[in-house]
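Please look over the chain below before reading on.

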Amino acid sequence: MSVLVFILGASIGSFLNVVIYRLPAGLSLVHPPSRCPRCEHRLKPYDNVPIIGWLWLKGRCRYCRTAIAPRYPLVEAATGLLFLVTFWSFDSLPTVFGMWVFLSWLLALSLIDIDTLTLPSQLTKSGLVLGALFQGTLGWLDGQLSGAVLYVFGSVIGMVLGLWLFDLITILGSAVFGQTAMGGGDAKLAAMMGAWLGWKYLLLASFLACFLGALIGGGAMVFGRMKRRQQMPFGPYLALGAAITVFWGEAIIATYLSLYFPP
């Protein structure tokens, strides 16, 4: 079963590569079929097999021998591993399927932000709606209509908190540093995370994102890899904070409470 889950994840990763490349460029996700961006030859089905296709072609187009970026198989492999770890981590199938969707959205948004310094609203808005539907589904399974209403209400609180929190950070950061501290897409991504995670886990994910961003960004400046006022995509840090929260959020909060509020 684990092999099938990894194959499914790698296949989804192959589609995410299409989303990451085409969505920011305003291209259709379904037409034309996959082709070499240089010679425009349509790829054969066996060239598109996740991970294996790239290895079989030795990282080059079959027709014009243009190099194919290794990021393509890496995204496929990473998605396969995320699917596998999620499958191992949760007992509830609805939760597994939901987290597969959430983590796929986060991965696509992260890489688009790295490439373009933007977070497309098509993904953040659709992800927000799916997060509310996911919470509603969990609530229905837990307590039918009353449970669905309660869970969706919690999802809405998470959305609003994420939006307001990062809008506030943007305003204060811009005032302190004299330049735009954060893009509007980050607040929308935080709202999407709140829809999936709820307010409590959103706060943890946001703290982790800020901590990791400060640590890695500060280290990059110390070692001369980034200039002081250089723009830095914050979406990947939000996504990483959310992913850590998905797998270890409950344990982190429980440990924090036991240290500072012992029974």
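The model is predicted.

**Helix packing**

Two packed helices are described by the angle between their axes and the distance between the axes. Helix H1 spans residues 2–22 and packs on H4 at an angle of about 35 degrees. Their axes lie 10 Å apart. The crossing of H1 with H4 is right-handed.

Which residues of H1 meet H4? On the H1 side they are Val5, Leu8, Ile12, Leu16, Val19 and Ile20. H4 answers with Trp100, Ser104, Leu107, Ala108, Leu111, Ile112 and Asp115. By class, the residues of this contact split into 11 nonpolar, 1 polar and 1 charged.

**Salt bridge**

Asp115 of H4, listed in the contact with H1, also has a charged partner in arginine 71. Side chains of opposite charge can pair when their charged atoms come close. How far apart are the closest N and O atoms of arginine 71 and aspartate 115? They are 2.7 Å apart. The cut-off is 4 Å, so the pair counts as a salt bridge. The count for the model is 1 salt bridge.

The pair links distant parts of the chain, 44 residues apart. Arginine 71 sits in helix H3 (residues 71–89), and aspartate 115 sits in helix H4 (residues 93–116). Arginine 71 has 31% relative accessibility, so it is partly exposed. Aspartate 115 has 43% relative accessibility and is also partly exposed.

**Cysteines**

How many disulfides does the model contain? The count is 0 disulfides. Cysteine 64 has a relative accessibility of 28%, which makes it partly exposed. Cysteine 210 is partly exposed too, with a relative accessible area of 34%.

**Accessibility at a glance**

The residues below are listed with their relative accessibility and class.

| Residue | Relative accessibility | Class |
|---|---|---|
| Cysteine 64 | 28% | partly exposed |
| Cysteine 210 | 34% | partly exposed |
| Arginine 71 | 31% | partly exposed |
| Aspartate 115 | 43% | partly exposed |
| Leucine 203 | 38% | partly exposed |
| Leucine 55 | 52% | exposed |
| Leucine 117 | 41% | partly exposed |

Leucine 203 belongs to helix H6 (residues 184–222). Is leucine 203 buried or partly exposed? Its relative accessibility is 38%, so leucine 203 counts as partly exposed. Neighbours within four places in sequence aside, leucine 203 is in contact with Leu161 and Leu165. Serine 155 is 48 residues away from leucine 203 along the chain, and their C-alpha atoms are separated by 13 Å.

Leucine 55 lies in helix H2, which covers residues 52–56. At 52% relative accessibility, leucine 55 is over the 50% cut-off and therefore counts as exposed. Between leucine 55 and isoleucine 253 the sequence separation is 198 residues. In space, C-alpha to C-alpha, leucine 55 and isoleucine 253 are 42 Å apart.

**Backbone**

Two residues other than glycine have a positive phi. Isoleucine 51 has a phi of about 65 degrees. Where is isoleucine 51 found? It is in the loop between H1 and H2.

Leucine 117 has a phi near 60 degrees, again positive and again not in a glycine. Leucine 117 is placed in the loop between H4 and helix H5 (121–177). With a relative accessibility of 41%, leucine 117 is partly exposed.

Notes
Residues numbered from 1 in each chain as written. Predicted model: local features only at pLDDT ≥ 70, side-chain atom pairs only at ≥ 80, totals over all residues. Heavy atoms only, no water. Disulfide = S-S within 2.5 Å. Buried < 20%, exposed > 50% of the residue type's maximum accessible area, 1.4 Å probe, protein only. Salt bridge = Lys/Arg side-chain N within 4 Å of Asp/Glu carboxyl O. Helix = DSSP H or I, 4+ residues; strand = E, 2+ residues; numbered from the N terminus. Axes fitted to C-alpha atoms, helices over the stretch in contact; angles between N-to-C directions. Left-handed = near helix turned anticlockwise from the far one by under 90°. Contact = heavy atoms within 4.5 Å. Nonpolar A, V, L, I, M, F, W, Y, C, P; charged D, E, K, R; others polar.
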